[in-house]
Amino acid sequence: MPYDDAQHDDGFDDTPGRVQIDLWKRLFRYALVYRRELAFLIVAAIATAAVEVCYSLFTKWVVDDVQQNGMDASFGLWATLYLLCNLVVALAVGGFEWIAGRVSCFVSHDIRFDAFQNLQRLSFSYFDRRPVGWLMARLTADCDRLTGILSWGFVDAVWGSTIMVGLVCAMLVMDWRLALLVMMVLPVVWWVSLKFHRRILHSARLVRSTNSEITGSFNESIMGVLTSKTFVSQAANAREFGVLTDRMYRASVRNLVLAAVYLPLVLVIASVAVNLTLTVGGSFVYLGLIGAGTVVAFTMLARNFFWPAEIMSSWFIELQMAQAAAERVLSVIDAEPEIQDSESVVRALMATRASAEGRLGRFAADGGRARIQNIELRGVGFAYDPEQPVLENIDLVARRGETIAIVGPTGGGKSTLVNVICRFYEPTAGQVLIDGTDYRNRSLHWLQSNLGMVLQDAHVFSGSIRDNIRYGRLGATDTEVEHAARLADAHHFITALEQGYDTPAGEGGSRLSAGQKQLVSLARAILADPQILVMDEATSSVDTETELAIQHALAEIFKGRISFVIAHRLSTIRNATRILVVDGGRIAEAGDHRELMAADGRYAALYRQQGLNEATRRWRAADVGDPA
């Protein structure tokens with residue numbers, strides 16, 4: 001059953017803590033994939049438990065043998081048996097360490113892979129509501145804690161339960177009265193565990209939640225280091241971070257105090273059981289009911305009986321803390337994308353794969369590259385919050401070969417309109433039709449494979465420039481990569497670099513300028529050969545020379561595609577087929593540059609104001625540079 005993180009979005013809640021068996025059953029399936037390793041762990045655990053029982057039995061027999069035979073006792077036999085037991089324990093423990101470590105690594109890999117794979121499927125709205133640190137904490141610290149308990153916790157559980165069963169059997173065989181005396185304290189141990197586990201789980205959730213916030217704070221501080229230094233806000237950042245670390249300190253101390261109190265209580269209870277065994281067993285020896293060897297063996301058995309109980313108590317505490325991590329990791333794995341293929345689309349895709357000879361099969365074999373002729377918006381509306389609509393009653397038809405420019409004031413709905421067209425968000429009212437079919441009746445993969453975007457802040461991955469361009473189409477040859485770079489007018493600056501196309505871009509493109517990253521991003525979009533091309537203020541953060549290079553490249557690229565251009569500089573869209581002025585979530589004006597200027601409306605006012613601002617800026621720059 002999918003785990004919903006709506007209740008646990010902060011990492012903890014106020015509901016009573018309890019071990020969620022279904023949750024752990026599901027997580028244990030990750031370990032069950034490695035059945036051979038688990039089988040070895042079980043055999044090693046049983047062997048270790050058997051040896052622990054043998055140690056106590058051998059001790060009884062040695063004492064009895066010495067009582068009966070004195071110096072003629074079989075010391076050589078007992079020494080050999082003890083040596084064999086030591087060898088078995090050494091091999092079993094060594095196997096534990098090796099195999100449990102392997103299982104831990106394997107399970108960690110599988111859980112992280114599933115979480116990462118699901119993150120790739122999720123809609124944009126999921127990331128809108130969750131900071132990067134929130135996600136990073138789940139795939140790092142939470143995952144490490146979880147995989148540790150799945151491997152080592154399994155070992156402790158099998159070993160502890162096996163040895164306790166073996167010791168109980170041995171005690172019952174030797175003297176059932178002393179055995180019952182030892183086991184009388186088990187209900188007390190269980191009661192103490194119940195009292196502590198809720199508090200431990202709650203405090204663990206608080207620790208994991210605060211850890212996510214600290215991870216997010218680290219991430220924001222590193223990403224925004226330039227802004228922090230520019231506005232000299234390091235002290236304020238340190239104070240905010242101090243609040244988080246203080247909260248983490250208090251939560252961690254509370255969690256550790258609970259654990260520190262819980263374990264000694266179990267130890268005290270175990271000591272009481274051992275003392276009772278010595279007292280009652282000693283009186284039995286005095287009365288001649290049992291031998292001294294039995295009492296010595298029983299003392300060892302009682303102590304060893306609570307040793308795995310102590311280990312399993314510690315494991316139980318770790319289980320509580322790991323459950324908080326498990327809830328958080330599963331919330332990522334189980335998260336469902338808000339935008340996904342409908343059941344009818346999924347059935348059609350399955351039929352397509354099953355029948356490659358049919359019409360759908362030919363379409364799939366063609367990679368879904370049948371030319372898109374038009375995109376139509378009918379009464380489209382959208383709202384992040386139902387009380388505050390962002391788009392209202394948008395009607396638009398864009399045909400192949402057209403370039404639709406979208407302009408307007410900040411917050412008017414330009415980017416949201418394009419995001420709805422690209423199906424990053426779905427309309428809350430109206431329809432988006434592609435060649436007459438509602439795009440919700442087409443597959444997401446089909447739409448995304450026909451989509452190319454160049455954003456204002458172009459993202460460049462770590463790796464070479466060649467690899468970054470090839471990201472647009474992973475199977476592209478080096479010749480195709482260079483051809484795309486030439487079309488984007490990026491070839492000249494790339495070949496001027498010392499390593500050319502093999503030049504490392506650095507993390508986030510740190511070794512490239514803003515203009516160079518934009519040209520690489522454009523080349524990547526060209527290589528993808530999209531039928532729908534989106535330019536989201538792609539020239540607003542580049543210099544004039546780079547802007548001219550991009551404009552020159554776009555004139556050729558726009559041919560034969562449906563293109564949407566969100567523009568800040570109105571001078572760059574004069575040749576657009578149509579210009580839409582979006583304001584207040586509606587299309588306020590529509591037409592080409594000449595028509596809108598003749599209408600003398602909002603576009604004309606914006607154009608003249610921008611021209612005046614540009615002229616003023618140039619005049620001031622020239623005036624500053626004038627020696628007079």
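A salt bridge is counted when a side-chain nitrogen of Lys or Arg lies within 4 Å of a carboxyl oxygen of Asp or Glu. By this criterion the structure holds 15 salt bridges. The model is predicted, so local features need pLDDT of at least 70 and side-chain atom pairs count only at pLDDT 80 or more, while totals for chains, interfaces and linings use all residues. Residues are numbered from 1 along each chain as its sequence is written, and side-chain values use heavy atoms, with hydrogens and water left out.

Side chains of opposite charge can pair when their charged atoms come close. Helices (H or I, at least four residues) and strands (E, at least two) are DSSP runs, numbered from the N terminus. Glu37 is buried, at a relative accessible area of 15%. Arg102 is partly exposed, at 31%. Here buried means under 20% relative accessible area, exposed over 50%, and partly exposed in between (1.4 Å probe, protein chains only).

A second salt bridge joins Arg378 to Glu376, with the closest N and O atoms 3.0 Å apart. Arg378 is partly exposed, with a relative accessible area of 42%. Glu376 is also partly exposed, at 21%.

Arg561 and Asp529 meet through their side chains in a further salt bridge (3.0 Å, N to O). Arg561 sits in the loop between helix H19 (544-557) and strand E8 (562-566), and Asp529 in the loop between H18 and strand E7 (532-536), so the pair ties together parts that are 32 residues apart in sequence. Arg561 is buried, with a relative accessible area of 11%. Asp529 is partly exposed, at 32%. Elsewhere, a network of salt bridges links Arg466, Asp467, Arg470, Asp478 and Asp502.

H18 itself is mostly covered, with 13 of its 15 residues buried. From first C-alpha to last, H18 reaches 21 Å, close to the 21 Å expected at 1.5 Å a residue. The expected span of a helix is 1.5 Å times one less than its number of residues. Helix H9 (residues 234-286) has 53 residues and should therefore span 78 Å; its end C-alpha atoms are 76 Å apart, which agrees. Gly288 follows H9 and has a positive phi, near 80 degrees.

H18 (514-528) also supplies at least two residues of the lining of the largest pocket, as do H3 (75-121), H4 (124-128), H7 (186-223), H14 (444-449) and strand E6 (451-454). A pocket is an open set of points on a 1 Å grid over the protein atoms alone, where a 1.4 Å probe fits, with protein on both sides within 12 Å along at least five of seven lines; lining residues have an atom within 4 Å of a point. The largest pocket has a volume of about 2400 Å³. This volume is the space filled by probe spheres set on the points, which are joined across faces, edges and corners. The lining comprises 47 residues, of which Gln120, Phe124, His459, Phe461 and Tyr471 lie nearest the pocket centre. It divides into 23 nonpolar, 14 polar and ten charged residues.

The structure holds zero disulfides (pairs of cysteine sulfur atoms within 2.5 Å). Cys143 is buried, at 1% relative accessibility. Cys422 is buried as well, at 2%.

Note on methods
Nonpolar A, V, L, I, M, F, W, Y, C, P; charged D, E, K, R; others polar.
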